[in-house]
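This report describes a protein model in terms of its strands, its aromatic rings and its overall dimensions. The sequence and the coordinates come first.

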Amino acid sequence: MRCQTLVALFASLLLAAVLNAKSPSWKKHTVMEQGHCNTAVAIDANGDKLMDVVASVSGKVSLFIAPDFTTEVVLHRFTAGGNCIHSTTIDVDGDGDLDWAGTIASDHPFWLENPGIENASKGAWAARPIDTVITGIHCLLTSDIDNDGKDDLVINNFLPDDGLKDSMAWFSVPKDPYRAPNWNRHVFALGDARGGSHYMGAGDIDGDGWKEIAVGAKGKPFADGNWFAFWKNPGKEKVKGAWKKTVLALDETAATNILPADVNGDGKPDWLASRGHGNGVIWFENPSWKIHDIDTEIEFPHSLTVADHDNDGDIDAATCGYGSKRVMWYENNGKGIFKLHIVDNLQESYDLRTVDMDGDGDLDLLNAGRGSANVVWYENTSK
């Protein structure tokens, strides 16, 4: 009887929390306004529990120190110019701090070694290669693919005639990442990712404990593409070989982003996606993969993030349409029905991340502003 009372009490408290949850309001903060920026990631470089920002702009990779971001530390310069199209954080050397990995679109991926809290903001970080073959990259994703408790990198090969043509791979960190000419490469999409593969998502879709990897392929200027698909992780014995591809949908014009999330609360992870070089945000319902519309009008939603932004127990989403020049937050009612909220107007994006920027316990948004020539973050001010 006492157990039943406690269960009932917990249920009532949970319900009260959900009913009292407020939709976030957002306050815009500027990190930098130096030019076109496609990628920005958050990292607490100096250990003050505030998120600093690493962004690629004006031919360099720079660290901007929170909270005012007026201090810029140049971590890396590109001798031939150019900016990174995508980046991520990963603890490469296992020393407890986050390193950085990125790439110019037409080049090979590399990583920058974080020298530690005392030295992170004092100058350039040592640059080292990840792989010298894969090229034409549009995405780097941090995830533990082989279930060894260590993060790996998933990287696509955007171009059909260079590098790992029409393929995608995951890379495990070598024993000596300081001296290794290449990381350990495992091609899981072997020649069956043709058509301008874009942004990947990784999640255990079938409940077997191993993460599948999904991607959207945008097509144009390539003859193929305009599809969403995922590759099934075959598990321990075969995880380092080629995986089986499952097509979610064809004729999805300008498909780009796709991320796992239990959208309708049935305990089965779905896929939430955007047509980043076209129009619309959608979700695929597991296991039929039926398509549901979230936002049919937004133009060029080339960024996507999923998280419980209003802390009500279900998964929401956010994007920015660089054609619409509008940042959007999509409030989920817990059953896959979304209410649309405008976060900001006259703002572009190529890359949008969910992160607690100010250490107050709620989830903010970090936005690489593309043609808006800035990096900004949106403070979640709801309490």
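Is Trp243 buried or exposed? Trp243 has a relative accessibility of 5% and is therefore buried, since the cut-off for that class is under 20% relative accessible area. The model is a predicted one, and the values below are computed from it.

**Aromatic pairs**

Across the whole structure, 13 aromatic pairs are found. In one of them, the ring centres of Phe188 and Trp243 are 5.0 Å apart and the planes meet at 45°, so this pair is classed as tilted. Phe188 belongs to strand β13 (residues 184-189), while Trp243 is in the loop between β16 (227-232) and β17 (244-249). Phe188 has a relative accessible area of 0% and so is buried.

The pair of Phe230 and Trp289 has its ring centres 5.6 Å apart and its planes at 65°, so it counts as edge-to-face, the class for angles over 60 degrees. Phe230 is in strand β16 and Trp289 is in the loop between β20 (279-285) and β21 (290-299), so the pair ties together parts 59 residues apart in sequence. Phe230 and Trp289 are both buried.

The two pairs are listed here with their geometry.

| Ring pair | Centre distance | Plane angle | Class |
|---|---|---|---|
| Phe188 and Trp243 | 5.0 Å | 45° | tilted |
| Phe230 and Trp289 | 5.6 Å | 65° | edge-to-face |

Phe188 and Trp243 are also members of a cluster linked by ring pairs, together with Trp227 and Trp231. Trp227 has a further contact: the charged end of Lys245 sits over its ring, 4.0 Å from the centre. A charge over a ring also occurs at Tyr322, where Arg370 lies over the face at 3.8 Å from the ring centre.

**Sheets**

The protein contains one helix and 28 strands. Strands β14, β15, β16 and β17 form an open sheet in the order β14-β15-β16-β17, with antiparallel pairing. β14 (197-203) and β17 are the edge strands with a single partner each, so one side of each has no neighbour in the sheet. From one strand to the next, the twist averages 25°. Five bridges hold the antiparallel pairing of β14 with strand β15 (residues 212-217). Ser197 has Ala217 as its bridge partner in β15.

A four-stranded open sheet is also formed in the order β2-β3-β4-β5, again with antiparallel pairing. Its edges are β2 (40-43) and β5 (72-77), each of which pairs on one side only. The twist in this sheet averages 25° from strand to strand. Strand β3 (residues 52-57) runs antiparallel to strand β4 (residues 60-64), and five bridges join them. Val57 has Lys60 as its bridge partner in β4.

**Overall dimensions**

The C-alpha trace spans about 65 × 45 × 45 Å along its principal axes. Of the 383 residues, 55% count as buried. Among contacts between residues at least 6 apart in sequence, 46% join residues at least 24 apart.

Conventions: Residues numbered from 1 in each chain as written. Predicted model: local features only at pLDDT ≥ 70, side-chain atom pairs only at ≥ 80, totals over all residues. Heavy atoms only, no water. Pairing = 2+ DSSP bridges. Helix = DSSP H or I, 4+ residues; strand = E, 2+ residues; numbered from the N terminus. Axes fitted to C-alpha atoms, helices over the stretch in contact; angles between N-to-C directions. Phe/Tyr/Trp six-rings, centres within 6.5 Å; stacked < 30°, edge-to-face > 60°. Buried < 20%, exposed > 50% of the residue type's maximum accessible area, 1.4 Å probe, protein only. Lys NZ or Arg CZ within 6 Å of the ring centre and 35° of its normal. Contact = heavy atoms within 4.5 Å.
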